[in-house]
Structure formats: C-alpha cells, structure tokens
Amino acid sequence: MPIAVGPAKYIAKVYVFCPGREVRVKVNKISDHRFQDTKAAEVVIGGGLKGLNEVQFATKSLEGSTGKEALSVRVYLMSTTAGVKPLKVYEYQVEEGGVVKPFGSKNFVIDESIEKKLKM
C-alpha cells in the first residue's frame, strides 16, 4: 500500500557501498531501500525533515563473501542552489577487515546551520 507523503523540503539520498553484503536501510520509517553487493544511491522518499531524522540499517553477508569487506552507509542532503555540493548528514563506515554491525539506528538533525550550508 503506497504511503502518502507531501513535497519534500530537503532532497535526500541514501548511498551504500556493500561488496559481499545485503544492506537494508530505512529513513524516517517511510523510505525503504535494499542494496546487494553494489555501490549505489537512491532518493529518500519524503526527503529530509526539519528537525530530527532517523536512519536504520541491517546487514547480512551474501554467499561467497569473506565477511571482511568494507561497508559504507551514508545519507546526503542535496542543495537546490547551483554549485553547492551535497552535504553528508549521516555515515556508518567500516574499513576493510573491520567488524560490521548486523544492524543499527542513529539520528541526524536538520537545523538552521544545515539549512545555511545548503544555500551557500
């Protein structure tokens, strides 16, 4: 069943680098994403919200993986001002050989300082 969402105030993208793994990401309990053995980005349904935002992720190794592969999960806010680079507001990263959490949840906040950076 589709979820009704209004226009997004802040355009957001979730980026995942997950060789040898499946990663599921959920942003603000609305936007579900699934990545398998890839490097890709997807637009967040509903975008970023002013104030508190939540990112949840779950990982699992795929057949043939060593379990030692690197992992990155990031959320970026995209500016509508020409020339302004995307702003990284969330990151979970594990270097090659590191221990990857099977799941996690963390918040980020969009406040006035973030809004200013998106307009500069």
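Student: How many aromatic pairs does the structure hold?

Tutor: The structure holds 1 aromatic pair. Note that this is a predicted model, where local features need pLDDT of at least 70, side-chain atom pairs count only at pLDDT 80 or more, and totals for chains, interfaces and linings use all residues. Residues are numbered from 1 along each chain as its sequence is written, and side-chain values use heavy atoms, with hydrogens and water left out.

Student: What describes a pair of aromatic rings?

Tutor: The distance of the centres and the angle of the planes describe it. Rings of Phe, Tyr and Trp (its six-membered ring) pair if their centres lie within 6.5 Å; planes under 30 degrees apart count as stacked, over 60 as edge-to-face and the rest as tilted. Here the ring centres of F57 and Y92 are 4.7 Å apart and the planes are at 20 degrees, so the pair is stacked.

Student: Where in the chain do F57 and Y92 sit?

Tutor: F57 is in strand β5 and Y92 is in strand β7, 35 residues apart, so the pair links distant parts of the chain. Strands (E, at least two residues) and helices (H or I, at least four) are DSSP runs, numbered from the N terminus.

Student: Is F57 buried or exposed?

Tutor: F57 counts as buried, at 5% relative accessibility. Y92 is buried too, with a relative accessible area of 12%. Buried means under 20% relative accessible area, exposed over 50%, partly exposed in between (1.4 Å probe, protein chains only). Buried residues make up 39% of the 120 residues in the chain.

Student: Which residues touch the most other members of the largest nonpolar core?

Tutor: First the general idea. In soluble globular proteins, nonpolar side chains tend to be buried together. A nonpolar core is a set of buried Ala, Val, Leu, Ile, Met, Phe, Trp, Tyr and Cys residues joined through side-chain atoms within 4.5 Å. The largest one here has 26 residues, and V16, V25, V75, L77, Y90 and Y92 touch the most other members. Elements that each supply at least two residues include β1 (11–17), β2 (21–27) and α1 (112–119). The largest share, 5 residues, comes from β7.

Student: What is the order of the elements from the N terminus on?

Tutor: They run β-β-β-β-β-β-β-β-α. That is 1 helix and 8 strands.
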